Amino acid sequence: MASLLDSKQTLKATNALLKYVAQTQEADSGNLIQDDEPVWLVITTKKFSEKANIKPAKIPLRHPILNQGVDICLFTKDPQKEYKQLIENKEIKQISKVIGVSKLKAKYKTYESKRSLCQSYDLFLADARIIPMLPKLIGKKFFERKKQPVPINLTAGNLKKEFQSILNSTYMFKPSGTCMSIKIGLSSQSGQEIAENIDFAINHIVDRIPKKWKNIQSLHIKTTTSVALPIFNSLPDEVNSIQIRPIKSE
């Protein structure tokens, strides 16, 4: 499937966005610690999606946006101790907390405890087999902050490779409606790196959208606080439907 993106336009937009971020941070130079802002790819579709998908889709990136020091919590089936031992045996050191389903039910019942858990880790993973039961157990705060758990196959033959693949990807959370945002880069990356992430990921993203490119209305990039810069806009359906007829000679 060929991409309809213009790579030059994408690079122009990423460079402009980073220039804006740098100017904003310079204006706020009293803040000595500058945040590494996420860069979002905003996708607007033509057709309304009625059903959200609780299972995020893994989208590979050319330049990872999760560093090796990321703090990760893993939700597992019971018994929790068995999977904690598995993680230790595989020497996956980034997973700093393992929580089994029983412990999740018992210890994180209140809204406050769920909110605190959501804030405590950079990334949440979950055994793919328990993903369907998690929305009721973890609450809506995870979904509002786009921190719902990413599925991991704990029975994979090469678990360390499976885990590294997760760190090298971003995630597509398909909502109900016509608009979604995917974290595609960081303000600490170069414009070239973010543009390459978009070019590398776009077909994986579009492939998961019904009717694919025909259903894409527009693509923009932005940070949490910036304006949205366009990198793709489709023609209105009325224009696409116009057929050019040959002129008949008199």
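**Exercise 1. Find the salt bridge that joins E144 to a lysine, and say where both residues sit.**

Step 1. The side chains of E144 and K141 meet in a salt bridge, at 3.8 Å from N to O. A salt bridge here is a side-chain nitrogen of Lys or Arg within 4 Å of a carboxyl oxygen of Asp or Glu.

Step 2. Both residues belong to helix 6 (residues 141–144), and because they are 3 residues apart, about one helical turn separates them. Helices are DSSP runs of H or I with at least four residues, strands are runs of E with at least two, and both are numbered from the N terminus.

Step 3. K141 is partly exposed, with a relative accessible area of 22%. The classes are buried (under 20% relative accessible area), exposed (over 50%) and partly exposed in between, with a 1.4 Å probe and protein chains only.

A note on the model: it is predicted, local features need pLDDT of at least 70, side-chain atom pairs count only at pLDDT 80 or more, and totals for chains, interfaces and linings use all residues. Residues are numbered from 1 along each chain as its sequence is written, and side-chain values use heavy atoms, leaving out hydrogens and water.

**Exercise 2. Is D127, the salt-bridge partner of R129, buried or exposed?**

Step 1. The side chains of D127 and R129 meet at 2.6 Å, N to O.

Step 2. D127 has 1% relative accessibility, so it counts as buried. R129 is partly exposed at 42%.

**Exercise 3. What is the strand order of the open sheet?**

Step 1. The sheet has 4 strands in the order 4-3-5-6, with parallel pairing. Two strands pair if DSSP finds at least two bridges between them.

Step 2. Strand 4 (95–100) and strand 6 (150–152) are the edges, each pairing on one side only.
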